Amino acid sequence: MSETSQVFGAETQDLEGRTLSNTQLLRALLRKPQFVICLVLVLTFFLMAAVPRLFTSVDPHFCALAKSAHSREPGHPFGFDIQGCDYFANVIYGARPSVLVSLVAGIGGFVVAGILGLLAGYFPGLVDTAISRVADVLFALPGLIALIVILNSVPNRSIWIIVAIILVTGWPQGMRVMRSTVFSVRNREYVLAARSVGVPPLRILRKHVFPNAMAPLLAMTTLGIGGLIGLEAVLTFLGVGLQPPSISWGSQFGVAASYRESPHLFLWPALFISTMTISFMIIGDSIRDALDPKLLR
Amino acid sequence: MTTPGEVLLKVDDLTVEFDTPHGPVRAVDGVSWQVRAGETLAILGESGSGKSVSTQALTGILEMPPGRIVSGTAEYRGADLIAMTVKERRKIVGDRITMVFQDSLSALNPVQSVGTQIAECYRVHRGLSKKDALKRAAEMLDQVRIPAAARRVRDYPHEFSGGMRQRVMLAMALALDPDVLIADEPTTALDVTVQAQILELIADLQAERDMGVVLITHDLGVVSDVADNVVVMYAGHVVERASTAEALDHPVHPYTEGLLGSMPSADLKGQELPTIPGTPPSLRAIPSGCAFRTRCPMAIDECAKEVPPLLTVAPGRDAACILRTSISEREAV
Amino acid sequence: MIRFILRRILAAIPIGLIVTLGVFALVFAMPGDPLRELAGDKPIPAAVLAAKRAQYHLDDPFIVQYLLSMKDMFTGHFGTTFAGADIADQLRLRIPVTLKLATLGLVFQWIAGLLFGLYAGFKRNGVMDRLLLLATLVVLAVPGLVLYFTGQYLFGVELKWLPVSGTRDGWPMSYLLPAICIGITGFAGLARLTRTSIVDTANSDFVKTARAKGLGEQRILWRHVLPNALLPVVTLMGIDFAGIFAGAVLAESIFNLPGLGQFMFQAIKLKEGGVVVLLSTLAFLMFILINLAVDVIYGAIDPRVRNV
């Protein structure tokens, strides 16, 4: 999971901070059918997470043990889970944690990595050293192990704590990408010009450096969101994510793992989570292609 | 070996197109020139004028597709390089015709020592043993006046300065004593002083070998320093062909005239430097008729009608301008 | 070269100290008394409890606990787990399991990634290339968890080609399925990077020079394109290698393989602070070693980073 983002980091590193106006970008993207389809799918998932009642009127916690693990019947298209609850409602309600983690950790990661990368790249010396050394430390343990160790020491894990910890351990990579692009941008003529007429540093960063250096990090983030969806499920499956009463695709996998004779328990959340990740990936891929200066010509 | 004055490379009516998402684009249109033994021919033009594309097409190093040779021949001592199979051409390109490129840092393989890269010529084309090839490579480095050549043969491209690296490129191109050297903007990336040294070195080595040199450049100064003849290109067309001295003294085509006029010189001190108004046309939207007419100070309505043919205005002098060529023809009658 | 290696090792020492200290702090900041939790509802004799507390230095101040644990670790006194198993024995049993799984997984991943990447890079824009790009996108997009379960269900439960879980069938049968799953999740990234890198390199100027030298396409490919195109690939292979131990946690718990990942996981559940710190330190050392190896190899194949 962290490997995939590594790949994209490497693949996107050669993107220059070429600016393409936002409307141009949007128009180029909307011309691609795969982008539009995936956008619609992702928005559907967002809606599912925000207002699950729109999709099912059944209470996911209303269970009839007699129907434990029954397969589908009219009114219950996905069948029932081990407790005999309607599985369709459970899968719908399970979208929320995944969507939240992917969105909040994705956007938050972009902001945190972006700001730290900007600072490290633009202020070499003390600021850069401090940020880079902390990143080295966080980098020194394989991501999943660090997450497991940290999450396990937290007693009552809510979705927000999980997001926070993913953010705390996950920023170094994006920071490095941002830092290296800022390095290449900071001595460009327009930055030097702004500096020479006395524009304050923070304004230079905001108005001149950031817009021209954000493309690689943005591409990496959009492609990485797919991995974050899976990450929530992995953590919950391993028992260091969300705790029992909350419904999530990860916990559904955990249950499905012990009841192999009822494959539908695995099939539905797997289908949903894969559709969502693939949609995110294709959106990310389309944005990357649209930003790629080699394809601009 | 070459006989003095022999025509070594003769390009005739070469046309190259690129396939783009917006349809084919003609980068080189009906270009002809030739280079003789001992002669330096300069191909002068702005970027996008097709000057590099023409040589890359005839040596077969152009990416094809998207590039495509539409028509034309390029004869090396009578054998057409374009009609040849790739295998046959490889015996000539890289052996009898070699090339030097502009950016020596990216034009040399960064993970091979310069010695290995030079030696590769001897290994592939002459079948020498590794040891002999390396020895010859060191000799070559010495010939292009790289100090301590025997030691530096093991160094990597990034360990050389820009000028020294361009000498390495030269050593590689001249390793097999080629008949024709095509130098594609060999000095553009260098400081002025280093530029002069490299040009001088090329001239010296050329004199030793009686080699034909095709020098591609956008720098009129370079042309006047070293070229015997010059071919001026604009938007894929040859607009003027002449001996350097004549072209510089009495340019026929208004474009050449404009280029000369925009050269800084002592006479113009204190005055505003004249420039050619406008920018070179995008190859996707070349004006009808004469491509230069939109920037030409003396353009007339006739210019838009058809592409002016390259006509002889005097012995050894051709130009493509309906105004100038027809006038001079009339005068000649 | 030796100076370079020494410098890297020296630089790793403070990072290692911070990492182990951090892990130690986190582990011992965990809620609950580890011993009581382990015992559950059963009353434990006070004497046993006291002995255990002494063994794990649980009554000492935090920093002393840390230093004593580090000392024990580096002198090879790993002690026993709370349940009484000898940790050294556990390591002896479990390290081979993880190593076998990781090696086999890496072999699958590298072979598949390089083969597909090279093929797609050489024949770019062909039918196979397009299919491959699509396939790798799907593989990258399907979460590892789903892929592992699907693989287990399809080849283990349904088709019965390979054992579903455990190590009863020994080497290599028991390891094939999890290793293939690791290989599939990892190969896509490698294949895509290899392809991109080859395509980029094939467009570079020095390839043009090589062509102008009259070299054959095969020679250009093997002597000029590949050595340059593989530089970023080597880096990614190193990252993969270092990351595979994290992936092992997941694979070992899904396929129930008694390796280090599973050990780590159980230790966290049981609040075995010592074991968690020990395994984290092992992971860290491994990580440093692999990165060092990658840098050395990189230096050997890329002259530009030597003497830096």
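**Close-up views of a predicted three-chain model**

**View 1. Chain C is built from 12 helices and 0 strands.** The model is predicted. From the N terminus on, the elements of chain C run α-α-α-α-α-α-α-α-α-α-α-α. Along the principal axes, the C-alpha atoms of chain C fill a box of roughly 85 × 55 × 30 Å. Chain C has 308 residues, and 41% of them are buried. Among contacts in chain C between residues at least 6 apart in sequence, those joining residues at least 24 apart make up 72%.

**View 2. The domain assignment of chain C gives domain 1 and domain 2.** Domain 1 of chain C covers residues 1-75, and domain 2 covers residues 87-270. Taken over C-alpha atoms, the centres of domain 1 and domain 2 of chain C are separated by 34 Å.

**View 3. Chain C meets chain B through 18 residues of chain C and 22 residues of chain B.** On the side of chain C that touches chain B, α9 (205-212) and α10 (217-254) of chain C each supply at least two residues. The largest share of that side, 6 residues, comes from α9(C). By residue class, the side of chain C that touches chain B divides into 6 nonpolar, 6 polar and 6 charged residues.

**View 4. Chains A and C share the most contacts of the 2 pairs of chains in contact.** Chain A and chain B are joined by no contact, and their closest C-alpha atoms lie 10 Å apart. At the A and C contact, A:V149 touches C:V23, C:L26, C:V27, C:I268, C:V276 and C:S280, not counting residues up to four places away in sequence.

**View 5. The largest nonpolar core has 261 residues.** Those with the most contacts inside this core are A:V149, B:A171, B:V214 and C:V276. The largest share of the core, 18 residues, comes from α10(C). Domain 1 (1-75) and domain 2 (87-270) of chain C each give at least three residues to this core. Two of the residues named here, A:V149 and C:V276, also touch each other.

**View 6. UniProt lists residues 35-55, 99-122, 134-153, 159-178, 213-240 and 266-287 of chain A as "transmembrane region".** The entry is unreviewed. In the model, residues 35-55 of chain A are 76% helix and 0% strand, with the end C-alpha atoms 24 Å apart. Residues 99-122 of chain A are 100% helix and 0% strand, and the end C-alpha atoms of this span lie 33 Å apart.

Technical notes
Residues numbered from 1 in each chain as written. Chains lettered and ligands numbered in written order. Predicted model: local features only at pLDDT ≥ 70, side-chain atom pairs only at ≥ 80, totals over all residues. Contact = placed C-beta atoms within 7 Å. Helix = DSSP H or I, 4+ residues; strand = E, 2+ residues; numbered from the N terminus. Nonpolar A, V, L, I, M, F, W, Y, C, P; charged D, E, K, R; others polar. UniProt positions renumbered as here; feature names shortened; annotations may be inferred. Core = buried A, V, L, I, M, F, W, Y, C linked by C-beta atoms within 7 Å. Buried ≥ 20, exposed ≤ 12 C-beta atoms within 10 Å, placed from the backbone. Domains from an automatic or database assignment.
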